[in-house]
Amino acid sequence: MLSRTAFFSVLFLLLPPVSGFSADVVDRSVAVVNNDTITLSEVNEFGQPLFKKVADEIPADQQEAALQEVRQAVIDKLIEKKLLLQEAKKLGVQVSDQDVENAFQRIIASNKTTEEQFRKEIAEEGMSEKQYREGLREQIMSSKLVNHEVRTKVVIPETAIRDYYNTHYVAMAGDGEYYLLQIGCAWGTETKNGLPLLQEESKQKIEKAHALAMEGKDFKELAKEYSDLPSAADGGDLGHFRQDEMAPFIRDAVMNLKPGEISRIVENDNAYHFFKLVPPQQQSQAAAKEPFDEVKDQIREKLYQQTLEQRLKDWLISIREKAYIKIL
């Protein structure tokens, strides 16, 4: 069977209309992006799995507000998609039929299936092979654009790797410093499974993780399982900070903690967070982590991904700021 990750990598680009929307409904524009428009049918297609999730999981009296929240998130993602495709066209980024065929065959091979079975599976999801291939083409084009404009410009110097090692593998918090672990659950942005959580789902998730942490479950393992933040990959390890280096919402949550204690849940922007103040004995254990040469490549990759994500975010913001965008 087609794996969820491989299938959604393309399925989320192009989806059948959500149940309950009639084919007879007159389509209309919901947003303008430079010279392109985003239509109601595009929103319904792209957001189908999220709308269904709201219908299936959210109480009836809360569905209207939840649907509005999801609809706005879907429109934002479609705006981003339009901007990427426009930028690719402007820069002459092209995707050949052979590029699409190669990607199509790689997906079939990675799922250990046959072309016939694969076509059957995408048909069961309401998609034709032509639609699936067009989704692949857009995805490849976006990837080539990001490689050209962002990825090739990211360089991680050796000094940055060494600084990260000294902070996270060796250095211990000194007087007046706080060594913190973090778990955060976000809403409205893509999570590990590729689909954004609603705010209520994020709240339920953070409350479950907090309860388990208060019961004494391993905080780092909980961070890897529950946290949606970049620090999750490192077990929620934020390193150490002085009070004046912390964001206000972090400082308010941790400044009265004793070593080993866990903070209350706090809300900031579009995420819920809580923290643990690492006790001195555990800091000593951290100082005895792996030798630099054994973790250097791992650190380089982590810093590369963090830098890439920030550069991509900044680049998308710059494109968006220069574009004409109007939500109707």
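Colleague: What do the buried residues of H5 pack against?
Modeller: In this predicted model, the buried residues of H5 pack against helix H6 (115-124) and helix H7 (129-149).

Colleague: Which residues of H5 are buried?
Modeller: Val100, Ala103, Phe104, Ile107 and Ile108 are buried in H5. Seen down the axis of H5, they fall within an arc of 140°, so they line one face of the helix.

Colleague: Why would that spacing put residues on one side?
Modeller: An α-helix has 3.6 residues a turn, so residues three or four places apart point the same way.

Colleague: And what is on the face of H5 turned away from the buried side?
Modeller: That face carries the exposed residues Arg106 and Ala109.

Colleague: How far apart are the end C-alpha atoms of H5?
Modeller: They are 20 Å apart. Helix H5 covers residues 97-110, and its 14 residues should span 20 Å at 1.5 Å a residue, which agrees.

Colleague: What happens just after H5?
Modeller: Lys112 takes a positive phi of about 50° there.

Colleague: Which other residues have positive phi without being glycine?
Modeller: Asn34 is one of them, with phi near 55°. Asp269 also has a phi near 55°.

Colleague: Where do they sit?
Modeller: Asn34 is in the loop between strand S1 (29-33) and strand S2 (36-39). Asp269 is in the loop between strand S5 (266-268) and strand S6 (271-277).

Colleague: Buried or exposed, in the case of Asp269?
Modeller: Asp269 counts as exposed, because its relative accessibility is 67% and the cut-off for exposed is over 50%. Asn34 is partly exposed, with a relative accessible area of 30%.

Colleague: Switching to the sheet. What is the strand order?
Modeller: Four strands form an open sheet in the order S4-S3-S6-S5, with antiparallel pairing. S4 and S5 are the edge strands, each pairing on one side only. Neighbouring strands of this sheet are turned by 40° against each other on average, direction ignored.

Colleague: Which residues stand opposite each other?
Modeller: Tyr178 stands opposite Phe241 in S4. In S6, Tyr272 has Cys185 opposite, and Ala271 has Asn268 opposite.

Colleague: How many residues of S3 are buried?
Modeller: Nine of the 10 residues of S3 (residues 177-186) are buried, so the strand is mostly covered.

Colleague: Which helices lie on these strands?
Modeller: Helix H9 (residues 199-214) packs on the sheet and touches S3, S5 and S6. The direction of H9 makes about 15° with that of S6. Helix H10 (residues 219-226) lies across S3, S4 and S6, running at about 30° to S3.

Colleague: What about the largest nonpolar core? Which members touch the most others?
Modeller: Ile38, Val43, Tyr132, Ile299 and Trp315 do, out of 55 residues in that core. Apart from it lies another core, of 17 residues, among them Tyr179, Ile183, Ile206 and Ala209.

Colleague: What is Ile38 in contact with, beyond four places in sequence?
Modeller: Its contacts include Arg28, Val30, Val33, Val43, Ile75, Leu78, Ile79 and Lys82.

Colleague: Last one, H3. What is buried there, and against what?
Modeller: The buried residues of H3 (residues 48-57) are Gln48, Pro49, Leu50, Phe51 and Val54. They pack against helix H2 (40-46) and helix H4 (63-90).

Conventions:
Residues are numbered from 1 along each chain as its sequence is written. This is a predicted model: local features need pLDDT of at least 70, side-chain atom pairs count only at pLDDT 80 or more; totals for chains, interfaces and linings use all residues. Side-chain values use heavy atoms; hydrogens and water are left out. A nonpolar core is a set of buried Ala, Val, Leu, Ile, Met, Phe, Trp, Tyr and Cys residues joined through side-chain atoms within 4.5 Å. Buried means under 20% relative accessible area, exposed over 50%, partly exposed in between (1.4 Å probe, protein chains only). Contact means heavy atoms within 4.5 Å. Helices (H or I, at least four residues) and strands (E, at least two) are DSSP runs, numbered from the N terminus. The expected span of a helix is 1.5 Å times one less than its number of residues. The arc is that of the directions from the helix axis to the C-beta atoms. Two strands pair if DSSP finds at least two bridges between them. Axes are lines fitted to C-alpha atoms, for helices over the stretch in contact, and angles run from 0 to 180 degrees between N-to-C directions.
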